[in-house]
Amino acid sequence: MGDMAEVFNAMKQHKKESRAARFEAANDEGWEKHSDHHWYRIINGKKMNYWPSSGLVMIGKKRMNINGKRVKEMLAKESK
């Protein structure tokens with residue numbers, strides 16, 4: 001195996017472990033599920049799609065991270 005193959009295999013394994021850890025840490029409270037890996041909820045009439053393994057949130061065509069300021073504010077407002 002070449003040097004680069006070892007690097008890419010290590011990167012692939014790290015990404016797999018990171019996604020698994022994010023998925024395990026995700027809280028499904030308040031989310032409806034399309035599947036185990038794709039959740040959604042409606043906030044202020046807008047659909048918020050969430051992929052817990054990657055942490056990706058989409059509202060319309062706008063891509064954001066679940067830990068982003070705007071997303072956290074929207075979730076906090078909804079829970080009140």
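Analyst: The model is a predicted one.

User: What covers the buried residues of H2?

Analyst: The cover includes four strands: S2 (38–43), S3 (46–51), S4 (56–59) and S5 (62–65). The buried residues of H2, which spans residues 69–79, are Val71, Met74 and Leu75.

User: Why are the buried residues of H2 said to line one face of the helix?

Analyst: Viewed down the axis of H2, the buried residues fall within an arc of 95°, so they line one face. Lys69 and Lys77, on the other side of H2, are exposed. In general, an α-helix has 3.6 residues a turn, so residues three or four places apart point the same way.

User: Why is Ser53 called buried?

Analyst: Ser53 has a relative accessible area of 14%, and buried means under 20%; Ser53 is therefore buried. Ser53 lies in the loop between S3 and S4. Setting aside residues up to four places away in sequence, Ser53 touches Arg19, Arg22, Phe23 and His37.

User: What makes His38 buried rather than exposed?

Analyst: The relative accessible area of His38 is 18%. The cut-off is under 20%, so His38 counts as buried. His38 belongs to strand S2. Apart from neighbours within four places in sequence, His38 is in contact with Lys33, Asn49, Tyr50, Trp51 and Pro52.

User: Which residues make up the largest nonpolar core?

Analyst: The largest nonpolar core has twelve residues: Trp31, Trp39, Ile43, Met48, Tyr50, Val57, Ile59, Met64, Ile66, Val71, Met74 and Leu75. S2, S3, S4 and H2 are the elements that give two or more residues to this core. The largest share, three residues, comes from H2. One of the core residues is Met74, which touches Ile43, Met48 and Ile59 when residues up to four places away in sequence are not counted.

User: Which residues line the largest pocket, and how many of the lining residues are nonpolar, polar and charged?

Analyst: The lining consists of Asn27, Glu29, Trp31, Arg41, Tyr50, Ile66, Asn67, Lys72, Leu75, Glu78 and Ser79. By class, four are nonpolar, three polar and four charged. H2 gives the largest share of this lining, four residues. The space in the largest pocket is about 250 Å³.

Key: Residues are numbered from 1 along each chain as its sequence is written. This is a predicted model: local features need pLDDT of at least 70, side-chain atom pairs count only at pLDDT 80 or more; totals for chains, interfaces and linings use all residues. Side-chain values use heavy atoms; hydrogens and water are left out. Buried means under 20% relative accessible area, exposed over 50%, partly exposed in between (1.4 Å probe, protein chains only). The arc is that of the directions from the helix axis to the C-beta atoms. Contact means heavy atoms within 4.5 Å. A nonpolar core is a set of buried Ala, Val, Leu, Ile, Met, Phe, Trp, Tyr and Cys residues joined through side-chain atoms within 4.5 Å. On a 1 Å grid over the protein atoms alone, a cavity is a set of points where a 1.4 Å probe fits but cannot get out, and a pocket is an open set with protein on both sides within 12 Å along at least five of seven lines; lining residues have an atom within 4 Å of a point. Grid points are joined across faces, edges and corners, and a volume is the space filled by probe spheres set on the points. Ala, Val, Leu, Ile, Met, Phe, Trp, Tyr, Cys and Pro count as nonpolar, Asp, Glu, Lys and Arg as charged, and the others, Gly among them, as polar.
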